[in-house]
Amino acid sequence: MKTKFLFTALTAVAMLTACSDDSSSGNPADPAAQPGADTTQVDQQQTTETNDSTQTTNPADVQGEPVTGDSTATLDPPPTNPEQGQVDTTATQPGIDTNPGTQANGCAEGEVPVPVEFPMNVFNDIGEVYRSIQCNEKVIFIVRHGERDRKITKESQLTENGIEEAQAMGAKLAGPIDFVFYHSGFVRTYQTALNIAVGRGQSQIVDDTVAVNFSADTIPQLADGWYLKNSEMRDSIAKADSLNNVNLVYTYWIYEDKYSEAFYDLEERTQELLTNYVLKDYDQLPKYTLMASHDQLLMPLTAYATQKQIDLKLHDINSRRWINFLAGVAIIVNSDNQVRFVAVKGGDRGTTRD
């Protein structure tokens, strides 16, 4: 039975806030999701959405209280009112809080962990990666939110299909140890985290209005402006080079080393994200963490994590791939604080053209 969200006045306020999820996430590469579609050709509505520089989120300036602690919550997070503009690189926030109830005890006496290797050039099923985590390993999944309503170009909720797919992904992650959840502060990422929790049986939805046994904190830096240094320059580049979708600027930057003046250094910016907002010492990490984010963060992050072996070349006429809903990266940490990455997909496809 499909779950429907009844949004309160809080959501009405939240929908007035600016977000580019995917400033393209209006589904930047949604045209490619249709077989045979040419992603360089987008309708006028999407062109406006992806090229609107006013939708760049300043994660550091997000206001409002995160959803934390309570075992019950409404289905929409408190409005965060993200400010428009550039990412404040001077802003710092405390590391991730951990839930003592989710700490792993490590390996039993005589138990020998055998790390499972996954190919770097494909998206691997998130359930398989979850089941592969060893007794001395912990994992953080960072995934793009589920399918959202493209008719709303700023803040929007998940579609019914997006809800169902997030719950189906959650079923792949079913297990005895609770996950710890985070989101970027936007309704679609909050709903994604919630429905994954529901799908794995960790949380429940009552009367289509209240979530029970669900808690999720906000990490504003998970928004899609993280790698973008200058949105006006990005948009000028797209206009000057007749790129109808600003996501093409991202893929030229990653794979062709073009337009780098509009972005932060890929390696430095990724390390800053991981060090300050994602990773902590092994002993302080929960066993399982899931973070719901956006495509313009996850496309560069996934390329970095796979040493650019993953194909997200939206600009390549022979490829035209972009990161799909519920796809992203698993960050696996062992008891020696060694980190490795695996590209993951929550649904059938990791990209829009698989």
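**Basis of the model**

Residue numbers start from 1 along each chain as its sequence is written, and side-chain values use heavy atoms, with hydrogens and water left out. Because the model is predicted, local features need pLDDT of at least 70 and side-chain atom pairs count only at pLDDT 80 or more, whereas totals for chains, interfaces and linings use all residues.

**Confidence**

The pLDDT, which is the predictor's confidence in each residue from 0 to 100, averages 78 over the chain, and 70% of the residues score at least 70. Over residues 1-70 the pLDDT is below 50, although this stretch has 224 contacts in the model beyond near neighbours in sequence; a contact means heavy atoms within 4.5 Å. Where pLDDT is low, the predicted coordinates should not be read in detail.

**Overall make-up**

The chain contains eleven helices and twelve strands. These elements are DSSP runs numbered from the N terminus, with helices being H or I runs of at least four residues and strands being E runs of at least two. Of the 354 residues in the chain, 55% are buried. Buried means under 20% relative accessible area, exposed means over 50%, and partly exposed lies in between (1.4 Å probe, protein chains only). The chain exposes about 14200 Å², of which carbon and sulfur atoms supply 46%; the areas come from the Shrake-Rupley method with a 1.4 Å probe, and for residues only the protein chains shown count as cover. Among contacts in the chain with a separation of 6 or more, 80% are between residues 24 or more positions apart.

**Helix α6**

Helix α6 spans residues 160-172 and has 13 residues. From its first C-alpha to its last α6 reaches 19 Å, close to the 18 Å expected at 1.5 Å a residue, where the expected span is 1.5 Å times one less than the number of residues. Its buried residues are Gly162, Ile163, Ala166, Gln167, Met169 and Gly170. They lie on the same side of α6, because they cover an arc of only 155° around the axis; the arc is that of the directions from the helix axis to the C-beta atoms. An α-helix has 3.6 residues a turn, so residues three or four places apart point the same way. The buried residues of α6 pack against α5 (126-132), β5 (137-144), α7 (187-199) and β10 (288-293).

The C-alpha atoms of Leu301 and Ile142 are separated by 9.5 Å, while the two residues are 159 residues apart along the chain.

Gly328 is found in strand β11. Beyond neighbours within four places in sequence, the contacts of Gly328 include Phe123, Ile142, Leu298, Thr302 and Val344. Gly328 and Lys345 are 17 residues apart in sequence and 6.4 Å apart in space, C-alpha to C-alpha.

**The loop between α11 and β11**

Most residues other than glycine have a negative phi, and most peptide bonds are trans. Just after α11, Gln307 takes a positive phi of about 55°. In the loop between α11 and β11, Lys308 has a positive phi of about 65° although it is not a glycine. Arg320 lies in that loop and has a positive phi of about 55°, again without being a glycine. Ser319 is placed in the loop between α11 (295-305) and β11 (327-334). Setting aside neighbours within four places in sequence, Ser319 is in contact with Asp311, Lys313 and Arg353.

**Strand β9**

Thr218 is found in strand β9 (residues 216-218). The side chains of Thr218 and His183 are joined by a polar contact of 3.5 Å. A polar contact is a pair of N or O atoms within 3.5 Å; within protein, one must be able to donate a hydrogen and the other to accept it, and residues adjacent in sequence count only if both atoms are side-chain atoms.

**Accessibility of the residues discussed**

| Residue | Relative accessible area | Class |
|---|---|---|
| Thr218 | 18% | buried |
| Leu301 | 0% | buried |
| Lys308 | 40% | partly exposed |
| Ser319 | 5% | buried |
| Arg320 | 9% | buried |
| Gly328 | 0% | buried |
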